[in-house]
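Me: I'm new to this one. Can we walk through it together?

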Amino acid sequence: MDVCIAGWAHSRFGRSEAEGAEELVAEVVPAALDHAGCGAEEIDAIYLGAFNNGFQKQDFQASLVALAEPALRHVPATRLENACATGSAAIHAGINAIRAGQAKRVLVVGVEKMTEIPTKAAGEVLLGACYVREEADVEGGFAGVFGQVTDAYFQAWGDRSASLARIAAKNHRNGVNNPLAHMQKDFGFEFCNTVSDKNPIVAGPLRRTDCSMISDGSAALVLTTPEIAEETGRPVIGFRSTAQVNDFLPVSRRSKISFDGAALAWRKALEDAGVTLDDLSLVETHDCFTIAELIEYEAMGLAEPGQGFRVVDEGLTEMDGRLPVNPSGGLKSKGHPIGATGVSMHVMAAMQLAGDAGAMQVKDAEMAGIFNMGGLSVANYVSILERVR
């Protein structure tokens, strides 16, 4: 363990009245520094994750951080983008800076203002994270892409609509306890499993409750060395391991129904950490669509291919199950502001390990796994976090 999380901050996700990313950044930067007990003058580097791609006219968003805290004016600031894994890309950049000895304290920010443009336009923006030459005309945007994945999975392994509804119901039930979540409502299994005017089909077999929401939000972390983290007198949350594995961008070049890059990332991260899934207290995983969480059960090794439905049907990923998955409510309930998502997932896991998760708290949480992916399992990031003091 050579990098720790010293502090964090997280805005409420949802439809924000903030004018733009600038205001969302300002919500979390001073708060994260304060939580870390760190002065702005002690920050050596800033890494900001933002997808943008047309969500806002204001680009070059790494430059907005100093507007939130003028003492950061001359600190090197860099923006990263890696589709829906943008936040994790920013975290990895910060980790690498500390490991290389180029920084002792790093500020990582993830942000996205998605609701400024109409929903249809937002869907077109998101399609920039697919292989445009082959997939840009898929009806329904990214929901259409995952609708095709769901169709292919059902053709291979049988209709698992009820299991997808159980995932949706689980994550919405968990989200009730997350005061930062976009949607804090328990819809129940029957509602999620029934097509209705309030829960229509969106793409393929996917219903509205199978799809994450368009959200605004921001989150921030202060990363540092273990020695500095120890000095704070607060719980020390360390990175036991990290992994990034990429895969082909065109879906036509690989299987739609197995996330091979995700599976490799999980195997590498667990091996590097010297642990197994049985050592984890919880997982925050990338449920942009419920079919994604189902396939991710298989990718992380909770089930054999085609058997992911058993994981949720048997309650293994419930709060009182063998391995709670998405106690925060996940992207499904918490929301999915693209650039903020990866940072948010790490904040939620750190809160659990610090014992600061309130009503979301997993009892005696000591180690957490985080999976964040960009595109259809193209950029795959896994972190293993551990409470070391």
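Me: How many cavities of 30 Å³ or more does a search of the whole structure find?
Reply: The search finds 1. Keep in mind that this is a predicted model.

Me: What volume does the largest cavity have?
Reply: About 40 Å³.

Me: Which residues line the largest cavity?
Reply: Ala129, Cys130, Glu135, Phe142 and Val145 are among them. The lining also includes Leu249, Val251, Arg254, Gly375, Leu376 and Val378.

Me: How does that lining divide into nonpolar, polar and charged?
Reply: There are 8 nonpolar residues, 1 polar and 2 charged. Glu135 and Arg254 are in the lining, and both residue types count as charged.

Me: New topic: helices. At what angle do H3 and H14 pack?
Reply: About 65 degrees, with the axes 5 Å apart. H3 covers residues 86–99, and H14 covers residues 338–354.

Me: Which residues meet there?
Reply: From H3, Thr86, Gly87, Ser88 and Ile91. They meet Gly339, Gly342, Val343 and His346 in H14.

Me: And how many of the residues in that contact are polar?
Reply: 6 are polar, 2 are nonpolar and none is charged.

Me: Which glutamates in H11 are buried?
Reply: Glu293, Glu296 and Glu298. Other buried residues of H11 include Ile291, Leu294, Tyr297 and Met300.

Me: What comes just after H11?
Reply: Gly301, with a positive phi of about 100 degrees.

Technical notes:
Residues numbered from 1 in each chain as written. Predicted model: local features only at pLDDT ≥ 70, side-chain atom pairs only at ≥ 80, totals over all residues. Heavy atoms only, no water. Axes fitted to C-alpha atoms, helices over the stretch in contact; angles between N-to-C directions. Helix = DSSP H or I, 4+ residues; strand = E, 2+ residues; numbered from the N terminus. Contact = heavy atoms within 4.5 Å. 1 Å grid on protein atoms, 1.4 Å probe; cavity = no way out; pocket = protein on both sides within 12 Å on 5 of 7 lines; lining within 4 Å. Points joined across faces, edges and corners; volume = space filled by probe spheres on them. Buried < 20%, exposed > 50% of the residue type's maximum accessible area, 1.4 Å probe, protein only.
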